Protein chains: 4
Amino acid sequence: MNKGRLETFSDGVFAIAITLLVLTIAQPTNYDHLAHQLGHRLPALAAYAVSFLVIGIMWLNHHTIFSHLRLVDRGMFYWNLLLLMTIVFIPYPTEVFGEALSRGQGATTAAVFYSVTMTVNACLWAGLWLYASVGRRLLGESLPESERTISTVLFVAGTAVYALSIAIALASPYACLGFHAALALYYAFDPISRRVARSRGG
Amino acid sequence: MNKGRLETFSDGVFAIAITLLVLTIAQPTNYDHLAHQLGHRLPALAAYAVSFLVIGIMWLNHHTIFSHLRLVDRGMFYWNLLLLMTIVFIPYPTEVFGEALSRGQGATTAAVFYSVTMTVNACLWAGLWLYASVGRRLLGESLPESERTISTVLFVAGTAVYALSIAIALASPYACLGFHAALALYYAFDPISRRVARSRGG
Amino acid sequence: MNKGRLETFSDGVFAIAITLLVLTIAQPTNYDHLAHQLGHRLPALAAYAVSFLVIGIMWLNHHTIFSHLRLVDRGMFYWNLLLLMTIVFIPYPTEVFGEALSRGQGATTAAVFYSVTMTVNACLWAGLWLYASVGRRLLGESLPESERTISTVLFVAGTAVYALSIAIALASPYACLGFHAALALYYAFDPISRRVARSRGG
Amino acid sequence: MNKGRLETFSDGVFAIAITLLVLTIAQPTNYDHLAHQLGHRLPALAAYAVSFLVIGIMWLNHHTIFSHLRLVDRGMFYWNLLLLMTIVFIPYPTEVFGEALSRGQGATTAAVFYSVTMTVNACLWAGLWLYASVGRRLLGESLPESERTISTVLFVAGTAVYALSIAIALASPYACLGFHAALALYYAFDPISRRVARSRGG
C-alpha cells in the first residue's frame with residue numbers, strides 16, 4: 001500500500017466533498033422577490049460555512065496524522081475508507097439542516113441528524129487514530145510518546161464532545177449550529193493543540 | 001504514455017465518482033415530518049454505503065494492478081477508459097436502486113439494473129487484467145507467475161459471481177444489496193486475497 | 001508558470017468534467033414502470049458514452065501535447081483556460097442531446113447544439129496547438145519537424161470534420177451521434193495517429 | 001504544514017469549483033421550442049463564461065503567490081480556507097445572476113449579490129496577501145521588495161475596484177457583468193501585471 005497515493009486519493013475526496021457543499025444551498029424559486037428569498041437562505045449559508053470549516057479542519061487533521069505514519073496497511077485503508085464515507089456524507093445533513101432552519105420546520109430533527117453524523121464521524125476518527133497508534137503500529141518516530149497520549153485523549157474526548165452536540169440540538173437548533181462553529185474555531189485557535197502541532201512540525 | 005499521469009487521472013475519477021454518491025440520496029420533501037422522511041431514506045443510505053465500499057475497494061484494486069505494471073500503452077489506456085466509464089456510471093444505478101427500495105416500487109428491476117452494471121464492470125476488470133497480463137504484456141517483475149495465475153482465476157471468477165447477483169436480484173432486491181455488501185466485505189477480509197496482496201507488497 | 005502544476009490542474013478539470021457526465025442522465029420519474037423508463041433513457045446513455053469517450057480521448061490528446069512542450073507561458077495558460085471552458089461545458093449539450101433523443105422532441109436542434117459545441121472546441125484545440133507550435137514557440141526537441149507538420153494538418157482538418165458534423169446533425173440526429181462516436185473510435189484505432197503517437201513516445 | 005499538499009488540495013478545490021459552474025446553466029424545460037429555450041439561456045452562458053475566467057485567473061494568482069512562499073503555517077492555512085470558501089461559493093451567485101438575467105426578473109439584486117461575493121473574495125485575497133507578506137512573514141527571496149509593494153497596492157486597490165462593481169450593479173446588471181469580464185481581461189492583458197509576472201518568473 002503506497003502511502004502517497006492514499007493521501008492523494010483522500011485529498012481528492014476532501015476537496016470534492018468540501019466543494020459539493022455549495023450545492024446544499026437551495027436556489028431561489030421566485031425572482032420577483034429575490035432579495036427576500038436570498039435573505040431567507042441565510043441559515044443555509046451559515047450551515048454551508050460551518051460545514052466548510054469543519055471539513056477543512058478535518059483535512060488538516062488528516063494531513064497531520066498521515067505525516068506521522070511511517071507506512072499504511074490494508075487495515076488503515078479500510079478505517080480511512082469508512083472515515084471518508086462519513087465525510088462525503090456531510091453535505092447531505094448540511095443541506096437538511098440549512099433547509100430546515102430556512103423553513104423553520106423540523107429544525108430540531110435536522111440538528112440532531114447533523115450532530116449524529118458528526119458524532120459517528122468523531123468515533124471513526126478515534127478508531128482510525130487508535131488503529132494507527134496503539135502499540136505504535138503505524139507511527140513513525142516523529143511523534144514522541146507523550147504527545148501520542150495527548151492525541152489519544154483528545155480523539156476520545158472528541159467523541160464525547162460531539163455526543164454532547166446531540167443534547168444541545170434537542171435544546172436549540174441554532175445553539176447546536178453555533179456549537180459546531182465554536183468547535184471548529186476551538187480547533188483553529190486552541191493553544192494546546194497548536195503547541196502539539198508545532199512540536200509535530202505543523 | 002506516462003503511467004503516473006494515467007494513475008493520477010484515474011485516481012481523480014475514482015475520488016469524484018465516490019463523492020458524487022452522496023447526491024444519490026434524495027433530499028426530504030416534507031419538513032413537517034422530517035424524522036419520518038429521513039427514516040424512509042434508510043434504504044437509499046444503505047445503497048450509498050454499499051456503492052461507496054465497492055468503489056473504494058475498486059480503487060484499491062486499481063492501485064494494486066497498476067503497481068505491478070512496468071508500463072502502460074494506448075491499449076491499456078482504452079481498457080482503463082472503458083472501465084472508468086462503468087465506474088463513473090455507478091451513482092446512477094445506485095440512485096435508482098436506493099429510490100426504488102425507499103418507495104417500495106420497481107425494486108426488482110432496480111436490483112437487476114444495479115447488478116447488470118456491476119457485471120459489466122467485472123467483465124471490464126477481467127478484460128483489463130487479461131490485456132495487461134497475458135504473455136506478461138505490461139507486467140513488471142514484481143508479480144510472480146504463480147500469483148498471476150491466481151489473479152487471473154479471481155478476475156474471471158468475479159464475472160461469474162457478479163452474474164450470480166443478477167439471479168439474486170430476481171429473487172429479492174434486499175438480498176441482492178446484501179450480496180453486494182458481502183462481496184465488498186469478502187474482498188476486505190478474505191485471507192487468500194490478503195495473502196496475495198501481502199506478497200504483492202500491498 | 002509551472003508546467004507540472006498546470007497539467008495537474010487541467011487533469012483535475014478533465015477528471016471532474018468526465019465524471020459529471022453521469023448527472024446528465026435523468027433519473028426515472030415513475031417507478032411503477034421502471035423497466036420501461038430505463039429503456040426510454042437509452043439514448044441519454046448513448047450520449048453519455050460518446051461524450052465520455054470524447055473527453056477521455058481529449059485528455060489523452062492534452063497529455064500528448066504537453067509532453068512535447070519544454071515550457072508554458074501566460075499565453076498558453078489562457079488558450080488552455082479557453083479550451084477547458086468548452087470541455088467543462090460538454091455535459092450541458094450532452095444532457096440536452098440525450099434528453100431530446102429520449103423525448104423525441106427537438107432532437108435536430110440538440111444535435112446541432114452538440115456539434116457546434118464540439119466545433120468550437122476543435123477550433124480551440126487548433127488555436128492552442130498553433131500557439132504552441134508555430135515557430136516552435138513552446139515545443140521541446142522531442143517532436144521532429146515533419147511530425148509537427150502532420151499534427152498541424154490534423155488539428156486544422158479536425159475543425160473542418162467537426163464543422164461537417166453540424167451538417168450531419170441537420171440530416172439526422174442519430175447519425176450525428178454515431179458520427180461523433182466514429183470520430184472517437186477513429187482517434188482510438190487510426191494507424192496514422194498511432195504511428196505519430198508511437199514516434200512521440202506515446 | 002506541507003506547502004505542496006496544501007497547494008494540491010487548493011488546486012483540487014479550484015478545479016472542482018470551476019467545473020461545477022456548468023451546473024449553473026438551467027436545463028431546457030420545453031423541448032418543443034428548444035432553439036428558443038437555448039437562446040433564452042444566453043445570459044446564463046455569459047455568466048458561466050465570466051465566472052469561469054474569473055476562477056481560472058484566481059487559480060493563476062494563487063499559483064503565483066504560493067510560488068513566492070518559502071513556507072506555510074497554520075495562519076496561512078486558515079486564510080487560504082476562508083478564501084477557498086468564497087471561491088467555492090461563486091457558482092451559487094453565478095447561477096442566481098444568470099437565471100435572473102434570463103428571466104428578466106431580479107437582475108439588479110442578483111448583480112449586487114454577485115458583486116458583493118466578489119468583493120468579499122477580493123478582501124480575503126488582500127488579507128491572505130498581507131498575512132503572508134507583511135514583514136515578509138512567509139515570503140521567500142524570489143520576490144524583490146519593490147515588487148512586494150506593487151503587489152500590496154494592487155491587492156488593496158482590487159478591493160476598491162470590486163466594491164465599485166456593486167455600484168455598477170445598481171446602475172445596470174449587464175454593465176456589471178461586462179465590468180467583471182473586463183476585469184478578467186485586464187488581468188489577462190494588462191502589461192504592468194505581466195511585467196511583474198515576468199520578473200516573478202511567471
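Me: How far apart are the closest N and O atoms of D:Arg5 and A:Glu7?

Reply: The model is a predicted one. A salt bridge requires a side-chain nitrogen of Lys or Arg within 4 Å of a carboxyl oxygen of Asp or Glu. D:Arg5 and A:Glu7 form such a salt bridge, and their closest N and O atoms are separated by 3.2 Å.

Me: Which helices hold D:Arg5 and A:Glu7?

Reply: This pair crosses between chains. D:Arg5 belongs to helix α1 (residues 3–20) of chain D, and A:Glu7 to helix α1 (residues 3–20) of chain A.

Me: Are D:Arg5 and A:Glu7 buried or exposed?

Reply: A residue counts as buried when its relative accessible area is under 20%, and as exposed when it is over 50%. By this rule, both D:Arg5 and A:Glu7 are buried.

Me: Why are D:Glu99 and D:Arg103 separated by about one helical turn?

Reply: The side chains of D:Glu99 and D:Arg103 meet in a salt bridge, at 2.9 Å from N to O. Both residues lie in helix α5 (residues 91–103) of chain D. They are about one helical turn apart because their separation in that helix is four residues.

Me: Is D:Glu99 buried or exposed?

Reply: The cut-off for a buried residue is under 20% relative accessible area. D:Glu99 has a relative accessibility of 18%, so D:Glu99 counts as buried.

Me: What is the relative accessible area of A:Glu145?

Reply: A:Glu145 meets A:Arg136 in a salt bridge of 2.6 Å, N to O. A:Arg136 is partly exposed, with a relative accessible area of 23%. A:Glu145 is also partly exposed, and its relative accessible area is 38%.

Me: How far apart are the closest C-alpha atoms of chain A and chain C?

Reply: Contact means heavy atoms within 4.5 Å. No contact joins chain A and chain C. The closest C-alpha atoms of these two chains lie at a distance of 9 Å.

Conventions
Residues numbered from 1 in each chain as written. Chains lettered and ligands numbered in written order. Predicted model: local features only at pLDDT ≥ 70, side-chain atom pairs only at ≥ 80, totals over all residues. Heavy atoms only, no water. Helix = DSSP H or I, 4+ residues; strand = E, 2+ residues; numbered from the N terminus. Buried < 20%, exposed > 50% of the residue type's maximum accessible area, 1.4 Å probe, protein only.
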